[in-house]
Amino acid sequence: MFKKILLILTAILIVSCNATKPVIVTTKSAPVVTKKVPSRSNKRTNVAKPIVKKIAIAAQDKEEDEVIESTSRTVVSNDIVANYIAQYKDIAMSNMKIYGIPASIILAQGILESGAGKGDLAIRANNHFGIKCHDWTGESVRHDDDARQECFRKYGEPAESFKDHALFLTGRGRYSRLFSLPKEDYEAWAKGLRSAGYATDPRYPQKLISYIQRYDLGRFDSQVLGTNYTPMENQVQSVRIVSVESYNGDVYVVQKGDTLYSISRKFNLVVDQLKQKNKLSANTLSIGQKLIVN
């Protein structure tokens, strides 16, 4: 009898020991959960880094760039505006001599309407003055302006746009009174364009006057008129005269920040063409280097 009782107690003890084993296994799994916590924290830290970097870049760009908003919203640097002036100043002065439109007004309208050549219409259609189709029979593009998908004129090259701008103003009676204004009075011309209906923006004259004064565009009027000129005191300080004169019709002088791609875009070339013209084997440039662009 005693042996039977001893066997039963031994069996109960063995079963009891086996039942405790799952509890031990459960407690060992707990650290697996805790290991995931720091890994999630690390992921958050990695995501935050590029966000901070983007904010820093945006703040830096804001100091150097400006927004030009007319037929499209374009962000450009002062150097891009200066290069635009250098590229088209001769055409503007020539049109002033032929058609009587102040070169300062032509350039200011070109900067504003084309986003210094970087706006949508300038790139897609070589349209630098935001001229809509009206009675136009040539090629055209659609672009959102005062209304959706309006018709705008398309040109083969920017020079055609500058000529058509002159013909547009001289060929329509509503602009005729502008030509009785003094050629050096760019403020009167700017206000006259708005009152004649060239633009619907009430601040259009102020925008033109701002560009003329900031980039000292009145000097080109004086060159055509043969008069003495006093440089503006409040022109953009970061734009040196050498930047404005860096393009003479055949040769472009490389400025700080220029690349082969950016220069090719300015002169409607592809990078390979630019490299072939200048017999370049590499893509590196140096400030002051002269490049053939015509």
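Predicted model: local features only at pLDDT ≥ 70, side-chain atom pairs only at ≥ 80, totals over all residues.
Two strands count as paired if DSSP finds at least two bridges between them.

Strand S3, residues 140-143, and strand S4 are joined by 4 bridges, and the two strands run antiparallel. Together they form a hairpin, with 6 residues between them. In the turn, Gln 149 has a positive phi of about 50°. Across the pairing, Glu 150 in S4 stands opposite His 143.

Which residues of S3 are on the covered face, and which on the uncovered one? Val 141 and His 143 belong to the covered face, whereas Ser 140 and Arg 142 belong to the uncovered one. Strand S4, residues 150-153, presents another picture. Glu 150 and Phe 152 point one way, Cys 151 and Arg 153 point the other way, and all are buried.

A search of the whole structure finds 1 disulfide. The bond joins Cys 133 to Cys 151, with an S to S distance of 1.9 Å. What is the handedness of this disulfide? The torsion about the S-S bond is about -60°, so the disulfide of Cys 133 and Cys 151 is left-handed. Cys 133 lies in the loop between H5 and S3, and Cys 151 in strand S4, so the pair ties together parts that are 18 residues apart in sequence. Both Cys 133 and Cys 151 are buried.

I turn now to the aromatic residues. The structure holds 10 aromatic pairs, and I shall discuss two of them. Tyr 88 and Phe 162 form a stacked pair, at 4.9 Å centre to centre and with 20° between the planes. Tyr 88 belongs to helix H3, residues 78-99, and Phe 162 to helix H6, residues 158-170, so this pair ties together parts that are 74 residues apart in sequence. Tyr 88 and Phe 162 are both buried.

The other pair is formed by Phe 129 and Phe 162. Their ring centres are 4.9 Å apart and their planes stand at 85°, so the pair is edge-to-face. Phe 129 lies in the loop between helix H5 (120-125) and S3, while Phe 162 lies in helix H6, so the parts tied together here are 33 residues apart in sequence. Phe 129 is buried, as is Phe 162. To place these contacts in context, Tyr 84, Tyr 88, Phe 129 and Phe 162 form one aromatic cluster.

Next, the helices. Helix H7, residues 186-195, packs with helix H8, residues 204-214, at an angle of about 150°, and their axes are 8 Å apart. Are H7 and H8 roughly parallel or roughly antiparallel? Angles over 145 degrees count as roughly antiparallel, and H7 and H8 are therefore roughly antiparallel to each other. The crossing of these two helices, H7 and H8, is right-handed.

In helix H9, residues 218-225, the buried residues include Gly 218, Arg 219, Phe 220, Asp 221 and Ser 222. Gly 226 follows H9, and the phi of Gly 226 is positive, near 70°.

That brings me to the backbone at two further positions. Most residues other than glycine have a negative phi. Ala 116 is not a glycine, yet has a positive phi of about 55°. Ala 116 is placed in the loop between helix H4 (103-114) and H5. Is Ala 116 buried or exposed? At 4% relative accessibility, Ala 116 counts as buried.

Lys 279 also has a positive phi, near 50°, and is likewise a residue other than glycine. Lys 279 is found in the loop between helix H12 (271-277) and strand S6 (290-292). With a relative accessibility of 78%, Lys 279 counts as exposed.

To close, I return to two points. The disulfide joins Cys 133 to Cys 151, and Cys 151 is one of the buried residues of S4. Phe 162 forms a stacked pair with Tyr 88 and an edge-to-face pair with Phe 129.

Key:
Residues numbered from 1 in each chain as written. Heavy atoms only, no water. Buried < 20%, exposed > 50% of the residue type's maximum accessible area, 1.4 Å probe, protein only. Phe/Tyr/Trp six-rings, centres within 6.5 Å; stacked < 30°, edge-to-face > 60°. Disulfide = S-S within 2.5 Å. Axes fitted to C-alpha atoms, helices over the stretch in contact; angles between N-to-C directions. Parallel < 35°, antiparallel > 145°, perpendicular 65-115°, else oblique. Left-handed = near helix turned anticlockwise from the far one by under 90°.
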